[in-house]
Amino acid sequence: LQKSLSVTLSSFPHFAGDLRKIEDVSVPGSDKYLDHTKRYGRLAVTFGAESDPGVGFSVASCDLSLDEIVPLTQRNGSGFRFWNLACPADRFLPQAQVSVSGSKQGNMRPSSPVLIQITRFRCGGASIGVKIAHPLADAQTLSVFMHWWSYEHSLLRNDQGGTISTVRTPSRYSNDKPLFAPQVLDSCAVG
């Protein structure tokens, strides 16, 4: 899962970046202000630097089996049913909070805007819990990310040795990688 996550993050590099509020809107050494995309208080993500916080990744274990949490009859029954979880679902999410400020604490790196926890169950099953700062992804984007990760994982697991960029993409996607173009959004912002 870690290897396929790493491959997937090459299409979502901003998930491993630093998300912060813009504090200073002036151009250093002058009385001019930066353009409207750098407004005070606006969020900005930077990525691709060695100082990026990366994605928080942890592995936990649960002494229950999946059948004890969601009985097989509920998971495989006909028609749509809500799962009546026998334990709180937040148990399968990272306990830390995602960072929107990107502020450093002393010598520590900023915490990540994306946290992932893999929980292994007694029966051998696993869950993937993801916390993400909403400015980086809404529910649709997170769904696309999870599908891409799943596909990358299936390629690596089946030893097909490629990635989405070199192998046929899943039918639900176009042949293009996910579009991350904040400049398109910035160009629509009021100046």
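Leu64 lies in the loop between β3 and α2, where helices and strands are DSSP runs (H or I of at least four residues for helices, E of at least two for strands) numbered from the N terminus. This is a predicted model, in which local features need pLDDT of at least 70 and side-chain atom pairs count only at pLDDT 80 or more, while totals for chains, interfaces and linings use all residues. Residues are numbered from 1 along each chain as its sequence is written, and side-chain values use heavy atoms, with hydrogens and water left out.

With a relative accessible area of 21%, Leu64 is partly exposed, a class that runs between buried (under 20% relative accessible area) and exposed (over 50%), as computed with a 1.4 Å probe on protein chains only. Not counting residues up to four places away in sequence, Leu64 touches Ile69, Cys87, Arg91, Phe121 and Arg122, contact being taken as heavy atoms within 4.5 Å.

When its neighbours within four places in sequence are left aside, Ser65 is in contact with Arg122 and Cys123.

Further along, Pro88 has its place in the loop between α3 (72-76) and β4, and at 52% relative accessibility Pro88 counts as exposed. Pro88 and Ile69 are 19 residues apart in sequence, with their C-alpha atoms 9.5 Å apart in space.

The chain as a whole contains five helices and five strands, and from the N terminus on its elements run α-β-β-β-α-α-β-β-α-α. Of the 191 residues in the chain, buried residues make up 31%. Among the contacts in the chain with a separation of 6 or more, 61% are accounted for by residues 24 or more positions apart.

Strand β5 (residues 126-132) includes Ile128, which is partly exposed, with a relative accessible area of 36%. The C-alpha atoms of Ile128 and Ile118 are separated by 4.7 Å, although the two residues are 10 residues apart along the chain. Apart from residues up to four places away in sequence, Ile128 touches Leu1, Ile116, Gln117, Ile118, Met146 and Trp149.

The helix packing comes next. Two packed helices are described by the angle between their axes and the distance between the axes. For helix α1 (residues 2-9) and helix α4 (residues 139-157), the axes come within 8 Å and cross at roughly 125°, the axes being lines fitted to C-alpha atoms, for helices over the stretch in contact, and the angles running from 0 to 180 degrees between N-to-C directions. That makes α1 oblique to α4, since angles under 35 degrees count as roughly parallel, over 145 as roughly antiparallel, 65 to 115 as roughly perpendicular and the rest as oblique.

On the α1 side the contact is made by Lys3, Ser4, Leu5, Val7, Thr8 and Leu9, and on the α4 side by Phe145, Trp148, Trp149, Glu152, His153 and Leu156. The residues of this contact divide into seven nonpolar, three polar and two charged, where Ala, Val, Leu, Ile, Met, Phe, Trp, Tyr, Cys and Pro count as nonpolar, Asp, Glu, Lys and Arg as charged, and the others, Gly among them, as polar.

Which residues of α1 are buried? They are Ser4, Leu5, Val7, Thr8 and Leu9, and what covers these buried residues of α1 includes β3, β4 (114-121) and α4.
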